[in-house]
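Colleague: Hi! Could you put the structure up, so we can go through a few spots together?
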Amino acid sequence: MPSRTRASASPLFVPRKSDRRTARAARHQFAEAREQARHAARPEARPIAPSHDPELRSSYPAAGRPGPASARGGRLKLPAHRMTTATASGAYPFLAEGGLGAQGIYIGRDVHAEAAFTYDPFALYGRLDGFTNPNILLAGIIGMGKSALAKSLAVRAVAFGYRIYVPCDPKGEWTVVAQELGGQTIALGPGLPGRLNPLDAPARPYGVGEEDWRGEVRKRRLLLLGSLAKTVLGRELHPMEHTALDVALDQVVAYAEANGTTPLLGEVAYVLGSPERLDAALGELSGRLGHAAEDLAHALRRLVHGDLAGMFDAPSTVAFDPCAPMLSIDLSRLGGAGDDTALVLAMTCASAWMESALADPAGGRRWVIYDEAWRVMRHVALLERMQSQWKLSRGLGIANLMVIHRLSDLLAAGDAGSRGRALAEGLLTDCSTRIIYRQEADQLASATSLLGLTGVETQAVSALTKGRGLWKVAGRSFITQHLLHPRERELFDTDVRMSAITRP
């Protein structure tokens with residue numbers, strides 16, 4: 001190792017009797033020694049490689065630029081820079097957004113933002129860009145917690161003053177929820193005392209004239225009869241069949257008003273099966289209208305004398321309470337043999353009966369939950385009624401929630417280009433909120449196509465755990481972990497039979 005010498009310089013001592021030349025030489029030597037000592041204290045400069053360009057050498061030493069412009073001490077002033085959120089999301093891609101705000105129903109935790117996640121379609125409407133309707137699609141495979149989310153939304157929405165309607169409960173899971181909320185459950189099925197007359201006239205809303213309301217009630221009754229007939233026949237009605245329905249309904253309504261009673265489905269079916277009464281109503285079609293109504297008479301006979309006898313062919317035994325926090329129609333006694341036709345017919349009649357409250361714009365904000373909607377996707381008549389509810393949701397103050405298992409259930413409504421497929425895809429289009437729980441690998445392609453998911457979203461959907469879902473709200477995406485209260489977990493447990501201890 002080379003030795004280092006330390007140079008130093010001390011004040012010059014000059015003898016008193018030295019001459020002027022000697023003193024000048026001594027001062028010169030002292031100046032040289034002091035300069036040598038100053039240079040010896042600096043670090044040794046590294047030689048520059050001969051291959052480097054001298055123009056590329058740093059302008060300032062390693063300690064930084066000297067002086068007040070060194071950006072040290074907080075004296076650096078830079079002009080403000082403005083950018084849009086779209087630009088900011090590209091410049092800072094790993095930052096989570098602020099969410100939908102604190103106003104709404106508490107759902108759980110935003111996984112990426114590590115913050116509370118709230119949602120309320122009525123609060124978001126008109127406040128969030130692109131949020132055009134309050135309708136919701138909820139899809140997820142069995143066991144991932146989609147039913148718990150739907151029930152949790154219903155329970156927590158009641159605290160905000162909303163009312164809950166469940167027009168079709170095919171498994172009877174909503175009965176305990178309605179009881180806990182102080183609501184009402186109507187159980188329909190063979191041997192049960194419940195009766196619903198789908199031709200009941202709803203109360204006339206405030207501000208609607210009597211004659212206008214009479215025409216509205218007639219139109220709804222005709223739509224109901226047409227939906228029932230198309231469901232049983234499995235085809236569209238012919239023009240003569242529409243005429244037969246008009247004539248039969250008018251005769252039954254006129255007879256009921258003259259006697260102070262309510263028209264019944266059995267009476268309409270009886271008129272359709274009486275060719276002389278139909279022919280007498282329209283003389284110019286004598287001998288033709290009765291023949292055209294034969295299929296209609298047999299179609300409605302199923303609700304009077306078939307497997308649905310006793311449920312919809314008698315006066316209602318229950319009254320609709322519009323002030324109840326929740327109302328559900330328990331149809332668990334129907335559709336258990338694999339044939340959903342009876343379930344669809346019952347749901348159609350129950351939906352028509354519940355419209356007495358939904359049609360009143362002054363009835364407040366309400367949630368209508370279609371649980372297990374995949375079971376009715378193959379029936380065009382019911383899809384048409386659901387589409388009507390979707391289209392009128394904003395005017396009536398209704399948030400429709402459709403619960404299915406897979407996105408491909410929407411494709412099961414019919415072939416490409418068919419009426420059923422168009423209606424099912426229209427329901428999806430009219431949902432500003434899409435909640436996707438885990439999907440199987442073979443369902444990711446259809447989910448990506450129907451929802452327009454990105455590659456990152458598709459990968460996230462395939463790896464979601466229980467209770468965690470992808471929320472797409474007006475084009476914005478969130479991964480949310482649904483959190484349940486212990487009491488909610490007890491009420492919503494759909495695996496109780498699987499976890500119960502079997503005793504001999």
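Colleague: Which residues is asparagine 133 in contact with, leaving aside its neighbours within four places in sequence?
Modeller: Asparagine 133 is in contact with Tyr125, Arg394, Asp430, Cys431 and Ser432, once those neighbours are left aside. Please keep in mind that this is a predicted model.

Colleague: Thanks! Where is asparagine 133 found?
Modeller: Asparagine 133 sits in the loop between α3 (121-124) and β3 (136-139).

Colleague: And is asparagine 133 buried or exposed?
Modeller: Asparagine 133 has a relative accessible area of 8%, so it is buried. The cut-off for buried is under 20%.

Colleague: What does the side chain of asparagine 133 reach at 3.2 Å?
Modeller: That would be the backbone oxygen of aspartate 430. The side chain of asparagine 133 also makes a polar contact of 3.1 Å with the side chain of threonine 132.

Colleague: How many residues apart along the chain are asparagine 133 and isoleucine 398?
Modeller: They are 265 residues apart along the chain, while their C-alpha atoms are separated by 9.5 Å.

Colleague: Let's hop to asparagine 135. Where does it lie?
Modeller: Asparagine 135 lies in the loop between α3 and β3. Its relative accessibility is 0%, so asparagine 135 counts as buried.

Colleague: What else is asparagine 135 in contact with, leaving aside its neighbours within four places in sequence?
Modeller: The list includes Trp390, Ile398, Ala399 and Thr433.

Colleague: Thr433 brings us to β9, I think. Which way do the residues of β9 point?
Modeller: Thr433 and Ile435 point one way from β9, and Arg434 and Ile436 point the other way. All of them are buried.

Colleague: Do β3 and β9 run parallel or antiparallel?
Modeller: β3 and β9 run parallel, and four bridges join them. In one of these bridges, leucine 138 has isoleucine 435 of β9 as its partner.

Colleague: And what about β9 and β10, parallel or antiparallel?
Modeller: β9 and β10 run antiparallel, again with four bridges between them. Isoleucine 435 has tryptophan 471 in β10 as its bridge partner.

Colleague: How do the rings of tyrosine 119 and tryptophan 471 sit?
Modeller: Their centres are 5.4 Å apart and their planes are at 65°, so that pair is edge-to-face. Tyrosine 119 lies in strand β2 and tryptophan 471 in strand β10, so here the parts tied together are 352 residues apart in sequence. Tyrosine 119 is buried, with a relative accessible area of 0%.

Colleague: Which residues form one aromatic cluster?
Modeller: Phe117, Tyr119, Trp471 and Phe478 do.

Colleague: New topic: which residues of helix α16 are buried?
Modeller: In α16 (residues 444-451), Leu444, Ser446, Ala447 and Leu451 are buried. They cover an arc of only 165° around the axis, so they are on the same side of α16.

Colleague: What do those buried residues pack against?
Modeller: They pack against α15 (419-429), β9 (433-436), α17 (455-462) and β10 (468-473). The face turned away from the buried side carries the exposed residues Ala445 and Ser449.

Colleague: And what comes just after α16?
Modeller: Glycine 452 is there, with a positive phi of about 65°.

Colleague: Last one! How many helices and strands does the chain have?
Modeller: The chain has 19 helices and 11 strands. Of its 504 residues, 44% count as buried.

Notes:
Residues numbered from 1 in each chain as written. Predicted model: local features only at pLDDT ≥ 70, side-chain atom pairs only at ≥ 80, totals over all residues. Heavy atoms only, no water. Helix = DSSP H or I, 4+ residues; strand = E, 2+ residues; numbered from the N terminus. Buried < 20%, exposed > 50% of the residue type's maximum accessible area, 1.4 Å probe, protein only. Contact = heavy atoms within 4.5 Å. Polar contact = N/O pair within 3.5 Å; in protein donor to acceptor, adjacent residues only side chain to side chain. Arc of directions from axis to C-beta. Pairing = 2+ DSSP bridges. Phe/Tyr/Trp six-rings, centres within 6.5 Å; stacked < 30°, edge-to-face > 60°.
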